[in-house]
Amino acid sequence: MNEIKTDILIIGSGAAGLTAGVYAAQLHKKVLVIDKGAVGKSGSTVGAVQMAGLGEWSNPLDDERAYMRDIENSGRGLSDPALAKTLVNDISKRIEDLTSWGLKLDRDKSDQAAVYPTAGHSLPRSISARKGKTGLGILQTLIRKAKTLSENLHTWSDVITLDLVKSSTRVIGAVVFDLKKNKPYVIKAKAVILATGGIGQLYPTTSNPVQSTGDGYSLGLGAGASLIDMEQVQFYPVSLVTPRSVAGLCISFYHYSNLYNTFGERFMETYEPETLENTTRDKLSIAIASEVVAGRGSDHGGVWLDISSQLEKVKKEFLHEFNICMDRGIDLTHGYAEVGPAAHFMMGGVHIDVNTASSVPGLYVAGETAGGLHGGNRLGNNALTECLVFGAKAGINAAWESNNYEDQSTVTAEALSPFATKLLDTMSRSVSGSVKSYQIKQRIQEILGTHVAVLRTDEGLKQAAKQLEAVDDLLDQVEMSTEVNYSRELIDYVEGAHMLRTAKAIVGAALHRKESRGAHFNSDHPSPASNIYHTFVTKENEQVVIHTSPKGEK
């Protein structure tokens with residue numbers, strides 16, 4: 001197999017991956033950033049509207065302690081205090097770096113950086129760029145910065161990662177597949193950074209782009225890393241339900257709205273009488289899903305959003321989203337929008353320390369693929385913040401580690417995991433079968449959408465676990481042609497395999513949390529337990545293994 005060498009391999013090119021690449025390259029390391037799509041254009045952060053943070057523009061009452069307190073309160077006891085402290089301490093410096101590289105923050109009438117309130121934050125601390133296209137603005141800034149470091153920083157688009165490669169206990173690279181050439185490669189690296197984004201495509205309705213198929217969680221698990229609190233899947237509570245072309249689009253201004261059920265009742269007066277719609281995402285998602293299950297939802301399984309009382313404020317602060325709605329026939333000036341929860345963000349992920357190191361030597365993780373910071377509920381607009389802070393940490397620490405590692409290993413076919421070997425074997429030849437590879441992905445979406453959505457039950461989770469085991473057999477019955485380059489069938493096959501491994505981790509963790517906490521609501525255990533504990537998922541002999549530990553222990 002063809003072999004490529006680099007100091008640091010970064011898998012994923014969203015905000016976390018590119019941030020890691022820039023900081024590592026600035027330390028004069030050879031960096032290779034790969035992406036199964038187009039580098040810099042496939043990250044879920046492209047659509048992010050705002051970013052929370054601290055800076056010279058902050059409210060005089062705001063500081064690191066207030067910000068950290070909000071994160072911990074939102075996390076329902078599961079947020080890692082050390083990670084939260086790192087985030088609030090480092091974000092102002094990371095934003096300074098971005099603005100020095102050319103990012104221009106949106107301004108208010110006084111020509112000061114515009115600062116906005118966000119549900120769950122005790123003080124206004126959200127900023128934006130490019131008139132609400134903040135994620136896109138940040139990615140474009142990082143790409144421009146990366147080009148100035150092109151002597152050390154290289155990118156490779158359209159290459160999908162099959163599995164990580166280890167030597168003894170250490171990650172030493174990855175086996176990948178070049179979709180343009182239909183050709184596998186081994187990339188050897190002194191350190192590997194996972195930054196592949198989230199899991200939204202494991203569900204039938206999601207705010208995430210098509211690339212968010214949970215690859216990083218599967219890769220980390222396959223390498224022996226521990227995943228933490230994988231049951232904590234955040235559903236964005238107020239997303240468009242219809243028309244289908246924009247289903248899953250997040251409505252960021254829901255805190256300015258009134259929500260009504262199909263009987264015209266403003267139901268949040270019952271669920272959250274003090275904060276109403278301006279509450280955290282987990283509480284709002286559970287309230288909306290409960291209305292739908294009780295038969296008080298709309299025809300398409302949602303509720304109704306009305307912004308008539310705050311129309312001018314919405315147009316002023318969220319013009320981009322407002323215009324998208326109007327362009328797609330949703331006239332918010334004279335009518336309601338049909339909205340409901342959509343799979344949005346994974347709060348769990350690969351367990352990391354404050355330096356973004358996983359439990360496996362040589363493996364670092366940043367962005368949404370890492371777990372522990374947000375606990376049971378991510379505060380609004382903290383996603384980009386996390387990518388910047390921990391992307392930089394990953395790049396810097398991987399660069400330092402690469403100084404002390406001498407690569408003397410040789411990768412042979414025997415060094416590849418059974419998972420990678422099976423994928424490579426199937427992808428090396430056209431195979432006949434009874435199942436198309438996209439149908440495997442659809443089946444996983446059906447299972448999780450039915451049994452592992454906002455409202456869960458013990459029996460539903462058991463059914464999901466049983467049905468996912470049957471999906472294993474589908475992988476062996478796939479029909480696939482490998483004769484064309486950039487084969488959608490090949491991509492679906494690899495993504496389906498990663499989705500299955502990640503889905504099993506989510507369901508296994510959910511079965512072991514015998515309470516309702518954060519985004520995990522189980523109708524059979526509707527209250528939080530008196531003791532706070534984490535769920536951990538590992539892999540032994542290709543099987544998912546789950547255990548729980550009190551907070552503070554592994």
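**Exercise 1.** Does Ser523 count as buried, partly exposed or exposed, and at what relative accessibility?

*Solution.* The structure is a predicted model, in which local features need pLDDT of at least 70, side-chain atom pairs count only at pLDDT 80 or more, and totals for chains, interfaces and linings use all residues. Residues are numbered from 1 along each chain as its sequence is written, and side-chain values use heavy atoms, with hydrogens and water left out.

Step 1. Buried means under 20% relative accessible area, exposed over 50%, and partly exposed in between (1.4 Å probe, protein chains only).

Step 2. Ser523 has 40% relative accessibility and therefore counts as partly exposed.

Step 3. Ser523 lies in the loop between strand 20 (521–522) and strand 21 (533–540); helices (H or I, at least four residues) and strands (E, at least two) are DSSP runs, numbered from the N terminus.

Step 4. With residues up to four places away in sequence not counted, Ser523 touches Arg456 and Thr457, where contact means heavy atoms within 4.5 Å. The C-alpha atoms of Ser523 and Leu455 are separated by 6.8 Å, although these residues are 68 apart along the chain.

**Exercise 2.** Describe how helix 13 and helix 14 are arranged.

*Solution.* Step 1. The axes of helix 13 (residues 458–475) and helix 14 (residues 488–512) come within 10 Å and cross at roughly 155°. Axes are lines fitted to C-alpha atoms, for helices over the stretch in contact, with angles from 0 to 180 degrees between N-to-C directions.

Step 1. Helix 13 is therefore roughly antiparallel to helix 14, a label for angles over 145 degrees.

Step 2. Residues of helix 13, including Leu461, Leu468 and Leu475, meet residues of helix 14, including Leu500, Val507 and Leu511. The contact comprises 13 nonpolar, no polar and five charged residues. Ala, Val, Leu, Ile, Met, Phe, Trp, Tyr, Cys and Pro count as nonpolar, Asp, Glu, Lys and Arg as charged, and the others, Gly among them, as polar.

**Exercise 3.** Which residues touch the most other members of the largest nonpolar core?

*Solution.* Step 1. A nonpolar core is a set of buried Ala, Val, Leu, Ile, Met, Phe, Trp, Tyr and Cys residues joined through side-chain atoms within 4.5 Å.

Step 1. Of the 141 residues in the largest core, these are Leu164, Tyr203, Leu363, Ile444 and Leu448.

Step 2. Helix 14 gives this core its largest share, 14 residues.

Definitions and conventions. Angles under 35 degrees count as roughly parallel, over 145 as roughly antiparallel, 65 to 115 as roughly perpendicular and the rest as oblique.
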